[in-house]
Every structure is written in structure tokens, then in C-alpha cells.
Amino acid sequence: RCKAPENYAGTQFLEVALNGRDYSGSDKLPYLYYQDPEIQQIKPSGGPVEGGTTVTLFGVGFLRYQGQLLCRFGAEGYYDAVFDAFLAMPNTTSPAVALSDSVFVCKSRF
């Protein structure tokens, strides 16, 4: 077991030594250092109440999460005083697609 040291984002190669001096050499294994995702800008910053607006998010570290990215518009639910109950908000989550490591898009639900 070993602990990865701090490094910059990108692929580095991992070598193993069983005796502390003779490293694996040609048997290097790729090890990916990734940057935690960070959203820096959203365009547009708003859209019509009917939904359907394509929203583009700019930042870093998105590609690693391709297939897992979701956008949620608004809260998960709300309290309705008339029914004295917590009600779920329908259609507030939509899948997102990473176009690159620094851009992903999603569409507000209808």
C-alpha cells in the first residue's frame, strides 16, 4: 500500500520497487491526478418559467464525472401549507454532458 503524493492534474506514471531501489521500469502504470470540479461561470444566468433553456457551465474538472453529472434547478421540494405536507418538485433534475474538462451543458426541464 502506498499513498500518492501531491502533484499537478494529469497522468503520471507509477512504478513499483520491491527492494526500495529497483523500480519496475517498463511496467509503468498510468495514474491520473484530477482536479476537483469547480464551477466558475453559468450562462445564461436565468431563463423563462416554462423551462427548456440550455445552460452552459464553465469551470474545471468536469470530464472525470462524465455520465454522472446532473443539474438540479430549484429545491428538491417545498412545504405546502394548504396540504400541510412537504411536496416533491417534479422535473427539477436533468442530465448534463461534459463537452470538455472545462465546459458542460444541461437543459432546464419543461
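I begin with a term: contact means that heavy atoms lie within 4.5 Å. What we have here is a predicted model, in which local features need pLDDT of at least 70 and side-chain atom pairs count only at pLDDT 80 or more, while totals for chains, interfaces and linings use all residues. Residues are numbered from 1 along each chain as its sequence is written, and side-chain values use heavy atoms, with hydrogens and water left out.

With which residues is T56 in contact, leaving aside its neighbours within four places in sequence? They are Q41, I42, K43, V103, F104 and V105. T56 itself sits in strand β4, residues 54-60; strands are DSSP runs of E of at least two residues, numbered from the N terminus. With a relative accessible area of 19%, T56 is buried, a word that here means under 20% relative accessible area, as against exposed, over 50%, and partly exposed in between, using a 1.4 Å probe and protein chains only.

I turn now to the cysteines. A disulfide is taken as a pair of cysteine sulfur atoms within 2.5 Å, and by this rule the count is one. The partners are C71 and C106, whose sulfur atoms are 2.2 Å apart. This pair links distant parts of the chain, 35 residues apart: C71 belongs to strand β5 (residues 70-72) and C106 to strand β9 (residues 103-107). Because the torsion about the S-S bond of C71 and C106 is about -90 degrees, the disulfide is left-handed.

Is C71 buried or exposed? C71 is buried, at 9% relative accessibility. C106 is also buried, at 4%, whereas C2 counts as exposed, at 65% relative accessibility.

How values were computed
Helices (H or I, at least four residues) and strands (E, at least two) are DSSP runs, numbered from the N terminus.
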